[in-house]
Amino acid sequence: MIEKISDLRLFKRIVELGSLSAAAGDIGISPGSASLRLSAMERSVGATLFRRTTRQLHLTSAGEEFLEVSLNILNDLAAFDEQISREKRELSGMIKVTAPVDLGRNYIAPSLDRFVEANPGISVDLVCTDRVTDLTERGIDIAVRYGALMDSSLRIRRVSSNKRIPVASPEYVEREGVPEHPKDLGRHDCMLLSSLGDKNDTWTFVENTKALTVRVSGSRATNDGEVLRRWALEGKGIALKSAWDVAEDLNYGRLVPLLVPFCPPSVDLQLVFPPLARQPTKVRRLADHIIRELKILDKCLETISLKPHYLTNDGAARE
């Protein structure tokens with residue numbers, strides 16, 4: 001393909017200069033090499049492109065048609081090269097991203113690493129927080145969020161769905177027993193996610209297609225989702241977590257899912273953007289990159305079973 005484009009450029013210069021040798025000298029090849037390439041072009045199109053006189057070359061009718069096609073191709077290539085150069089210039093500067101703590105640490109941070117390595121002109125600032133942040137006020141370019149938006153002026157791109165499930169370690173389940181119904185959580189140590197002192201102590205489930213709200217309590221609360229996960233792994237209690245956040249733990253049996261038949265419908269995982277008229281190229285490219293990588297991970301999550309399985313007192317597994 002590259003040689004064919006080079007031949008088109010040679011053909012164009014022959015037309016412009018009216019001389020094979022002049023065109024050869026202009027692009028830095030010998031007249032003999034230029035003649036061989038022109039002959040190859042004529043064989044390829046199956047027609048004579050020039051009428052040769054003693055001093056000059058003149059286009060044949062086939063040559064004129066070939067010139068029109070060649071110019072269209074070369075002009076399109078020039079426009080494409082300019083677009084690529086412009087986008088490379090635009091792929092520089094800071095991009096500020098915010099994401100939930102667990103998702104940010106486990107998935108978004110590594111994804112940003114790969115994007116920066118592939119685009120050395122880009123720098124990123126990742127804010128990991130479970131609080132909803134005002135994108136415009138904080139200068140956020142991309143927010144990774146779960147659930148419905150309160151601000152309808154924001155722009156979104158859906159990534160996948162997300163299920164929240166109660167989880168606990170096999171040791172906790174063996175020690176404290178299995179909650180068979182959401183109301184059984186009242187006798188369990190439920191670890192809570194808090195925000196500015198407010199504890200998320202109301203968990204919602206679904207029973208017979210109807211919402212079922214349960215008030216829970218426990219001896220531990222934190223504003224850090226990763227701390228919740230660690231406590232769950234250590235057998236301290238039950239945590240309500242995103243399946244994304246504990247996918248690997250579920251896969252390796254470090255945590256077990258609880259009350260799966262009562263879990264509420266999945267909510268969307270999406271990228272959220274400020275209400276700009278036009279997103280900068282660098283932001284669009286990073287958003288494409290994040291979505292592409294998260295969709296790959298989403299496929300992996302589909303292989304993880306959420307079928308409840310626990311240990312009985314004698315150590316045997318049961319469903």
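**Group meeting: a predicted chain, element by element**

The structure holds zero disulfides, a disulfide being a pair of cysteine sulfur atoms within 2.5 Å. Buried here means under 20% relative accessible area, exposed means over 50%, and partly exposed is in between, with a 1.4 Å probe and protein chains only.

Before going on, the ground rules. This is a predicted model, in which local features need pLDDT of at least 70 and side-chain atom pairs count only at pLDDT 80 or more, while totals for chains, interfaces and linings use all residues. Residues are numbered from 1 along each chain as its sequence is written, and side-chain values use heavy atoms, with hydrogens and water left out.

Now the overall numbers. The chain has 10 helices and 17 strands. Those are DSSP runs numbered from the N terminus, H or I over at least four residues for helices and E over at least two for strands. Of the 319 residues in the chain, 41% are buried. Taking contacts between residues at least 6 apart in sequence, 72% join residues at least 24 apart; contact means heavy atoms within 4.5 Å.

Let me start with a sheet. Five strands form an open sheet in the order β4-β3-β5-β15-β6, and the pairing is mixed. Its edge strands are β4, residues 122–128, and β6, residues 155–162, each of which pairs on one side only. From one strand to the next, the twist averages 20°. Two strands count as paired if DSSP finds at least two bridges between them. Inside this sheet, β5 (residues 142–146) and β15 (residues 267–273) run antiparallel and are joined by four bridges.

Helix α5 contains a proline, P110. P110 counts as partly exposed, at 25% relative accessibility. Apart from neighbours within four places in sequence, P110 is in contact with G104 and R105.

At 0% relative accessibility, A287 is buried. Leaving aside neighbours within four places in sequence, A287 is in contact with I142, R157, L271 and F273. The C-alpha atoms of A287 and A143 are separated by 9.8 Å, although the two are 144 residues apart along the chain.

Next, helix α3. Its 15 residues, 31–45, should span 21 Å at 1.5 Å a residue, and the end C-alpha atoms are 21 Å apart, which agrees. The expected span is 1.5 Å times one less than the number of residues. Which residues of α3 are buried? They are A34, R37, L38, M41 and E42. Seen down the axis, the buried residues of α3 fall within an arc of 140°, so they line one face of the helix; the arc is that of the directions from the helix axis to the C-beta atoms. On the other side of α3, L36 and R43 are exposed. Just after the helix, G46 takes a positive phi of about 75°.

Back to strands, and to β13, residues 238–242. Five of its five residues are buried, so β13 is largely enclosed by the rest of the structure. I238, L240 and S242 point one way from the strand, and A239 and K241 the other way. β13 pairs with β7 (residues 164–168) in the antiparallel sense over four bridges, with P166 opposite L240. It pairs with β8 (residues 190–195) in the parallel sense over two bridges. Here C190 comes back, as the bridge partner of I238.

Last, a loop. Most residues other than glycine have a negative phi. N208 has a phi near 55°, a positive value, and T209 has one near 70°, also positive. N208 lies in the loop between β10 (202–207) and β11 (210–215), and T209 has its place in that loop too. N208 is exposed at 66% relative accessibility, and T209 is exposed at 77%.

Note on methods. Axes are lines fitted to C-alpha atoms, for helices over the stretch in contact, and angles run from 0 to 180 degrees between N-to-C directions.
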